[in-house]
Amino acid sequence: MRLKTVKTLRRYIATPTSPTNEIIVLGIDPGLARTGIGVITRNALTCSYIHHDVVRTSTDLPLVERLAHISAAITAACQRFEPQCAATEKTFVNVNLASSLTLGQARGAALAALGLAKLPVHELAPTTVKARITGNGSAEKSLVATMVKALLNLKPQLQLPADASDALAIALCYAMGNQYLRRRKARRRK
C-alpha cells in the first residue's frame with residue numbers, strides 16, 4: 001500500500017463534518033502498564049494538538065490499584081479538557097491470553113471512566129487507525145508517530161512516547177471520520 005502524503009491527509013481532516021462546530025476529541029490507547037491519552041480539537045478546517053500523556057502503573061501495585069489509577073487519570077483528563085467524544089482501540093485477542101485479559105481489564109477501566117463522564121465512545125481497529133494515518137494498516141509505530149507529528153504540525157524533534165502518539169493517532173482517525181473512506185471508495189469506482 002502506498003504511503004499517504006501529509007498534504008493528502010490534511011485534505012481529509014479539513015473536510016468538515018459540521019461546518020461551524022469545534023469538537024474536542026479524547027483518544028485513548030489502553031494498556032495496563034502504559035495507557036496513552038491524546039487530546040485534539042477539530043474545527044471546520046483543521047485538527048490541532050491540545051495535550052498528550054502516558055499513564056504508567058507499577059507492577060508492584062495490586063491490579064485493582066493499577067486499574068483505579070488508569071480510571072482516575074482518564075477522569076481527570078475529561079474534567080480538564082471537557083471533550084465532546086472519545087475514541088479508543090477495539091480489543092483484539094492476542095496469542096497470549098493473559099496479555100489479552102490484562103489489556104481488556106485496562107480497557108474496561110478506561111471505558112468505565114469515559115462512561116461516567118457521559119462521553120460517546122467510538123471504537124476503532126488498530127489496523128484502521130494505522131491505515132488512515134499512514135496508508136498502511138501494518139505500519140510501524142515510528143511511522144505512526146512521524147505522521148501524527150506532521151498532521152498536527154508538531155515539531156519533528158518533539159519526543160512523543162509511543163503510547164501517546166498512538167492515542168493522538170486514534171483521536172485523529174476519529175476526527176477524520178468517514179470522509180477518508182468515502183473518498184477512497186469513490187476513487188475505486190472510477
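Helix H3 spans residues 97-116, 20 residues in total. From first C-alpha to last, H3 reaches 28 Å, close to the expected 28 Å (1.5 Å times one less than its number of residues). Helices (H or I, at least four residues) and strands (E, at least two) are DSSP runs, numbered from the N terminus. This is a predicted model: local features need pLDDT of at least 70, side-chain atom pairs count only at pLDDT 80 or more, and totals for chains, interfaces and linings use all residues. Residues are numbered from 1 along each chain as its sequence is written, and side-chain values use heavy atoms, leaving out hydrogens and water.

**Around H3**
- Buried residues (under 20% relative accessible area, 1.4 Å probe, protein chains only) of H3 include Leu103, Ala106, Arg107 and Leu114.
- Strand S1 (23-29), helix H2 (63-81), strand S4 (85-89) and strand S5 (121-124) are among the elements covering them.
- Just after H3, Lys118 has a positive phi of about 60 degrees.

**Nonpolar cores**
- A nonpolar core is a set of buried Ala, Val, Leu, Ile, Met, Phe, Trp, Tyr and Cys residues joined through side-chain atoms within 4.5 Å.
- The largest has 24 residues; Ile40, Val129, Ile133, Val148, Leu152 and Leu172 touch the most other members.
- Helix H6 (162-176) is one of the elements giving it two or more residues, and H6 supplies the largest share, eight.
- A second, separate core holds 20 residues, including Leu32, Leu67, Ala86 and Ala106.

**Confidence**
- Mean pLDDT (the predictor's confidence in each residue, from 0 to 100) is 85 for the protein chain, and 82% of residues reach 70 or more.
- Helix H1 (residues 6-14) is lowest, at a mean of 48, and H2 highest, at 97.

Note on methods
Buried means under 20% relative accessible area, exposed over 50%, partly exposed in between (1.4 Å probe, protein chains only). Contact means heavy atoms within 4.5 Å.
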